[in-house]
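Visitor: Please show me the structure, and let me ask how its features get their names.

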Amino acid sequence: MRLKLSIGLLGCISFCAISPLVGATDYPSGPLKIIATQGPGSSTDMHARLIANGLTKRLGQPVVVENIAGAAGTLGMTAGARAPADGYTLVLGNNGNIGIAPYTFKSLPYDPQRDLVPIAHLTDNWQVLVVSEKLPFNTMSGFIDYAKRNPGKLNYGSPGAGSHAHLAMELLQSMAGIKLTHIPYKTTGQISNDLLGGTLDVAMDNYIAVGPLAEQGRIKILGTTSPVALKAEPQIPPIAKSVPGYEATGWFGLFAPKQTPDAIVKRLNAEINAVMEDASVKKTMSDAGFVAVPSSPKAFAQYVRQAQEKWSGIVKKIGLQPQ
């Protein structure tokens, strides 16, 4: 009897060990979903739809995008972390809701290390600082001088407490010696609307969202968070030119629930990297100010850990209290 039980147990262990691989052989056999953690028209949404379109062609199955915005992208990340770990639900994360949120939220519904597995690093990017065209300055130095003379008078918007834009602005205030009033938003689209309406003074945003408005003269772009001028928009000076040493790099990547089988993670990584190599996708990303950085799941996981170490240190340095 013991021998039979032992053989049966060994058989179960062996089957359990290989069953994820067996299940992955016919993957995917149905539609996939990518959760975008910001609203339509955002840079997150743009990334999600480009990847979804590319994967649809490569996998032979529909890949749809579901926008779950709010709370600096943590609502969408929570939904992604709680999805079945079968490879059919992915979530598009970024530096804000993965690299920063663990250190700026008192109670985060997910743990990036415990609940999510990195699949593919998509892009690195640098935001631009934009201001209402009604404000009486046109340069970064003029903005800093005005803010110093009027502490707390200017307000700035971000996609929520703990977002990359929020912490990038907090870092800027700390280094430049200025004080602005933070207004958290649910979507980046509303930030642009309020900048145009003059009810919001300042924001950090991706160039794709605000570039056309600046070209029309409806808002003003004063600088970029990149340490050097952007290749796609060399006329925009780095903020570091006025605030030496300032730099705030953002990034986007795809994640899945933690127990997603390794075979599926590797398959998705290979397919997503191939999508990112497509000439039209690379051009769209480049034109929007993003730099494609395809890598392996292991390399991306290491990149995420380094980002978390960096931003946790910045949170402590500037004395930002979790909320």
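The talk below turns to a sheet, its helices and a pocket.

Guide: This is a predicted model, where local features need pLDDT of at least 70, side-chain atom pairs count only at pLDDT 80 or more, and totals for chains, interfaces and linings use all residues. Residues are numbered from 1 along each chain as its sequence is written, and side-chain values use heavy atoms, without hydrogens and water.

Visitor: What makes β5 and β9 a pair?

Guide: Two strands (DSSP runs of E, at least two residues) pair if DSSP finds at least two bridges between them. Five bridges join β5 (residues 128-132) to β9, so they pair. They run antiparallel. V131 stands opposite K220 in β9.

Visitor: Why are β7 and β9 called edge strands?

Guide: The open sheet has five strands, in the order β7-β6-β8-β5-β9, with mixed pairing. β7 (181-184) and β9 (219-224) each pair on one side only.

Visitor: Which strands does helix α7 lie across?

Guide: Helix α7 (residues 164-176; a helix is a DSSP run of H or I, at least four residues) lies across β5, β6, β7 and β8. Contact means heavy atoms within 4.5 Å.

Visitor: What lines the largest pocket?

Guide: Lining residues have an atom within 4 Å of a point on a 1 Å grid where a 1.4 Å probe fits; a pocket is an open set of such points with protein on both sides within 12 Å along at least five of seven lines. The largest pocket is lined by 17 residues, of which K231, S286, G289, F290 and V291 lie nearest its centre. α11 (279-287) and β11 (290-292) each supply at least two lining residues.

Key. Axes fitted to C-alpha atoms, helices over the stretch in contact; angles between N-to-C directions.
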